[in-house]
2 protein chains.
Amino acid sequence: MSRFRPNATKSSPARAHKSEWFLRINPLGQLPVIDEAGLVLRDTQAILVYLASRYDTCETWYSRDDPCLLGQINQWLAFADDITRTASAARLHAAMFYDLDVESARAGAHRLFRILDEHLWFGEQEDRAWICAGTHPTIADLACFPYVMLSEEGGFRGRITRLFGAGAIVSTYRGIHRYAGDLSGRSRAAAGTRVIWPTAGTSSRPSPRADAR
Amino acid sequence: MSRFRPNATKSSPARAHKSEWFLRINPLGQLPVIDEAGLVLRDTQAILVYLASRYDTCETWYSRDDPCLLGQINQWLAFADDITRTASAARLHAAMFYDLDVESARAGAHRLFRILDEHLWFGEQEDRAWICAGTHPTIADLACFPYVMLSEEGGFRGRITRLFGAGAIVSTYRGIHRYAGDLSGRSRAAAGTRVIWPTAGTSSRPSPRADAR
């Protein structure tokens, strides 16, 4: 992916993503955007679909030959957007004092985490290692997990990332705990896939997409 | 598609999509959902991706061999979701007195329609007949247009569908006007594609997805 030259668009405090020059690139005033030889794409999930379809020679991250899996992946991409609108919104409020209904955002995030948690817990019972069916991670994993892992920054009372610390911790989200613990601690036996997840505290500010308001 | 047996889930006034039995199918409490031989899929756009990938033998509605087009389609699927959250929310308020900030929803819808309108207007200049590049409509067209066409029911001051009536009407959304007028009035020379769009007044109540709150 070194063919992409990053363009650091400061969302905070400059709010460059709302400036006139940026709105000509993305009239929605949201980050991220990619521009590859004139193909300008906005929307995190659309960009993931494009990059995986174009550059994943194994065709496992977005399995275009498997309609059932495609449907599942897109279902969880939509879920990732819901996480952005709730957990990441809470982070924006906590980190940058965005004026929004933070209690509602936190409650929404917890509701989503419970759904994801249950999905992962059942997945464990069925030997499903990833969010979607199959033996490989997909862009659904890439889309959902960063914001789950960073959600502690949204000021949740029951922290997510504490679940991954040492000691006997009663896990609110047991499925997420197991899954993310596996991901961050060990490499998985999946076609040499190595995924580096962010953890709360390593990001100095909410990520670009979450700034897109 | 006759293999699907519809299950009429009354969202209003029964709010069956929030009932215990339905939450076991979709814990998000949203419509629509499909269940095909055990594959349960939620989310309108994910369902479109699945149906097109599985049943479109021409592979034009979701062109899986064209990464650039896939990226574009997914970008506009996300845009369709934004339309649902604004224009359709306004319809819910107008038709069923949903408690929401309707002025904000209407303003958001107008902002989106302006973006779509400009995109379509520029498309005209470039001989692009559909939302995305290429010679065929895609599921992006299917996703975006129904709610644009029905948005009048959201109580907009400047109606959308009046633009398609007889007489000299100053069109606020010239690109949308032309595009949708073509779609509803005439068949297009696109591989025998015939698309039937809803028009305001033909639906007695907001469609299932919009009820998903």
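Where does Ser53(B) sit? Ser53(B) is placed in helix α2 of chain B, residues 44–55. Helices here are DSSP runs of H or I with at least four residues, strands are runs of E with at least two, and both are numbered from the N terminus.

Some housekeeping before I go on. This is a predicted model, where local features need pLDDT of at least 70 and side-chain atom pairs count only at pLDDT 80 or more, while totals for chains, interfaces and linings use all residues. Residues are numbered from 1 along each chain as its sequence is written, chains are lettered from A and ligands numbered from 1 in the order in which they are written, and side-chain values use heavy atoms, with hydrogens and water left out.

Back to Ser53(B). With a relative accessibility of 4%, Ser53(B) counts as buried; buried means under 20% relative accessible area, exposed means over 50%, and partly exposed is in between, with a 1.4 Å probe and protein chains only. Its side chain reaches the backbone oxygen of Val49(B) at 2.6 Å. Leaving out residues up to four places away in sequence, Ser53(B) touches Tyr62(B) and Arg64(B), and also Pro67(A) and Leu70(A). Contact here means heavy atoms within 4.5 Å.

Two charge-over-ring cases come next. Arg42(A) lies over the face of Trp76(B), 4.6 Å from the ring centre. The charged end of Arg42(B) sits over the ring of Trp76(A), at 4.6 Å from its centre. The criterion is NZ of Lys or CZ of Arg within 6 Å of the ring centre and within 35 degrees of the ring normal.

Now chain A overall. Its secondary structure comes to six helices and two strands, running α-β-β-α-α-α-α-α from the N terminus. Of its 213 residues, 52% count as buried. Among its contacts between residues at least 6 apart in sequence, 61% join residues at least 24 apart. The accessible surface of chain A is about 10,500 Å², and 51% of that belongs to carbon and sulfur atoms. Areas come from the Shrake-Rupley method with a 1.4 Å probe; for residues, only the protein chains shown count as cover.

Next, aromatic pairs. Rings of Phe, Tyr and Trp (its six-membered ring) pair if their centres lie within 6.5 Å; planes under 30 degrees apart are stacked, over 60 edge-to-face, and the rest tilted. That rule gives ten aromatic pairs over all chains. One of them is Trp21(A) with Phe22(A), edge-to-face, at 5.7 Å centre to centre and 90° between the planes. Trp21(A) is partly exposed at 37% relative accessible area, whereas Phe22(A) is buried at 3%. In Phe145(A) and Tyr179(A) the ring centres are 4.5 Å apart and the planes at 65°, so this pair is edge-to-face. Phe145(A) belongs to helix α5 (residues 139–149) and Tyr179(A) to helix α6 (residues 174–185), 34 residues apart. Both Phe145(A) and Tyr179(A) are buried.

What about disulfides, and how many are there over all chains? A search of the whole structure finds zero, with a disulfide taken as two cysteine sulfur atoms within 2.5 Å. The cysteine sulfur closest to that of Cys68(A) is in Cys132(A), and at 12 Å it is too far for a bond. Cys68(A) is partly exposed, at 25%. Cys68(B) is in no disulfide either, the nearest cysteine sulfur being that of Cys132(B), 12 Å away.

Last, a loop residue. Phe97(A) lies between α3 (67–96) and α4 (102–125) of chain A and is exposed, at 70% relative accessible area.

Technical notes. Polar contact = N/O pair within 3.5 Å; in protein donor to acceptor, adjacent residues only side chain to side chain.
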